[in-house]
Amino acid sequence: MSCTPRATSDTFCTLLDVGMCLAAPDPASTGPARWRALARAALAGLDPGDAKLVIASTNGGGEALDAARWRDAFGPGLLADTPWEQTRTPTVSGSCVSALQALDTAQALVAQGKHVLLLAVDVLGATSQANFEALRVLTSDPRPYQPANPGFRCGEAAVALLLAPEGDGLRLGRPTLSQDLDDHDGLAHALLGARLERARVFVGQGTGPEAADRAELAALATAPPTTPLTTPALAHGHTLAASGALVLAQLARGALPTLPWPRALDGRPLLAYPTAADDAVVFGRALGGSCAALGVGAAAGPPPPPRYVAPAALPPLFHPGLRALVADAPTRRPARPPDRLLVLLDAPLAPPPRALVGGRVLPSAVLELTPATVPRLVAQAWGYTGPAVAWVGGDPAPWLAAHRARGERLAVLQIDDVHDGFRVTWAIDEVRT
């Protein structure tokens, strides 16, 4: 890697080393066992020392629809036989932008002088496959950024990123996190945190039907039209929570994938030859509307401050706890936008019985399965454009302290007994002058 070492701040950190696994060592393993196999393979070549651990995962290897199996899938036992076996760290679960959400928390720890290992893992279980099929976004012949792209195919990956305050590595900016609202383009807002004019390549998600591709391209409307675009999704499939971390690992190794077409459907050039660009912009949008972007190298920049816009219309919900939460959320909105909205879940959500028909989740309830649903709904109810993130399980205290040490005002929503009482506790930091 060729970046010049630079001192860190709360806006930048250095990527020192990476580990990747794009196929499980044991194809017969499923669920949490497959998750573990991928994680161990990604960690095998790294020497993290006493680095703090940050985990990102959409489903934790969960395959069953019952609450107990989902809870176990996110448990600490997933990292058995590793140095972090007894670590009570939460899991950052932000759907397809989980890794970039986790990177922001990792950088808050790095700003305290710590080394951090960010591990992003997702596997494609039967439940995940069925959910994507219900949404009708899968195809065996994806054509990202081409006219009439029918959708994407899924992949599996584990990616480990070793981050430090400084060193001879790739300089990463701080991610900008947002979400789509009725009159707010979350992806365009997220891209405001990167210096688009300095990028040598843009790396998008490229994992949706044509309408999703058009949304990504529209968000780049103010970017130089000659800067090429690519995505790893064509070569590896859509690797869910690991997608953003996979791009950063490929940038660090100088191995960004190319696309076989010369141009995107809006005329922007697509990357046609391998590149080792240190200056890049990485961005993505999850199906539920969570968005993230960050600049790498010279394209790194500070995130814009969050703001309030008109609250978005909320969808009908099957989960009774979510229905009660969104009814109460408008009364909890602080007068000034917080720097971050955090939802602490003691366990991941599972679909309520009325969302199931014949053992399958109704398509209209699919997105309620992901922990990212909860902060996104509150952000919609508030009209909040800033970071809205879910942490599942573990002890969040060190992470909360790191964010506050960075000067952030937090709005924290803790939900206990997710599958029984759905008890909600709010804590909103006072305004600092």
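Q: Let's start with Phe-422: buried or exposed?
A: Phe-422 counts as buried, because its relative accessibility is 10%. Buried means under 20% relative accessible area, exposed means over 50%, and partly exposed is in between, using a 1.4 Å probe and protein chains only. Before we go on, this is a predicted model, where local features need pLDDT of at least 70, side-chain atom pairs count only at pLDDT 80 or more, and totals for chains, interfaces and linings use all residues. Residues are numbered from 1 along each chain as its sequence is written, and side-chain values use heavy atoms, with hydrogens and water left out.

Q: Thanks! Where is Phe-422 found?
A: Look in the loop between strand E16 (410-416) and strand E17 (423-428). Helices (H or I, at least four residues) and strands (E, at least two) are DSSP runs, numbered from the N terminus. The phi of Phe-422 is near 50 degrees, a positive value in a residue other than glycine.

Q: And what is the phi of Ser-95?
A: Ser-95 has a phi near 55 degrees, again positive in a residue other than glycine. Ser-95 sits in the loop between strand E3 (91-92) and H3, and it counts as buried because its relative accessibility is 13%.

Q: Let's zoom out. How many helices and strands does the protein chain have?
A: There are eleven helices and 17 strands. The radius of gyration, taken over C-alpha atoms, is 20 Å, close to the 22 Å that the globule rule gives for 433 residues, so the chain is as compact as a globular protein of that length. That rule is 2.2 Å times the number of residues to the power 0.38. Buried residues make up 61% of the 433 residues.

Q: Which residues touch the most other members in the largest nonpolar core?
A: That core has 52 residues, and Leu-15, Leu-161, Leu-163, Leu-172, Leu-248 and Leu-251 touch the most other members. The largest share of this core, eight residues, comes from helix H3 (residues 98-110). Apart from it lies another core of 25 residues, among them Ala-329, Val-378, Ala-388 and Leu-413. A nonpolar core is a set of buried Ala, Val, Leu, Ile, Met, Phe, Trp, Tyr and Cys residues joined through side-chain atoms within 4.5 Å.

Q: What is Leu-172 in contact with?
A: Leaving aside neighbours within four places in sequence, the contacts of Leu-172 include Phe-12, Leu-15, Leu-103, Leu-163 and Leu-248. Contact means heavy atoms within 4.5 Å.

Q: New topic: how many cavities of 30 Å³ or more are there?
A: The search of the whole structure finds four. On a 1 Å grid over the protein atoms alone, a cavity is a set of points where a 1.4 Å probe fits but cannot get out, and lining residues have an atom within 4 Å of a point. Grid points are joined across faces, edges and corners, and a volume is the space filled by probe spheres set on the points.

Q: What volume does the largest cavity have, and what lines it?
A: Its volume is about 310 Å³. The largest cavity is lined by 23 residues, of which Thr-58, Ser-95, Phe-132, Leu-367 and Thr-370 lie nearest its centre. H4 gives the most to this lining, with four residues.

Q: And which residues lie nearest the centre of the second largest cavity?
A: Those are Gly-204, Gln-205, Ser-243, Gly-244 and Val-247, out of 19 lining residues. The second largest cavity holds about 120 Å³ of space, and H8 gives the most to its lining, with four residues.

Q: Why is H8 described as largely enclosed by the rest of the structure?
A: Ten of the eleven residues of H8 are buried, so the helix is largely enclosed. Among those buried are Ser-243, Gly-244 and Val-247. Just after H8, Gly-254 takes a positive phi of about 65 degrees.

Q: Back to Gln-205: where is its place?
A: Gln-205 is in the loop between strand E8 (201-203) and helix H6 (210-219). Gln-205 is buried, with a relative accessible area of 7%.

How values were computed:
On a 1 Å grid over the protein atoms alone, a cavity is a set of points where a 1.4 Å probe fits but cannot get out, and a pocket is an open set with protein on both sides within 12 Å along at least five of seven lines; lining residues have an atom within 4 Å of a point.
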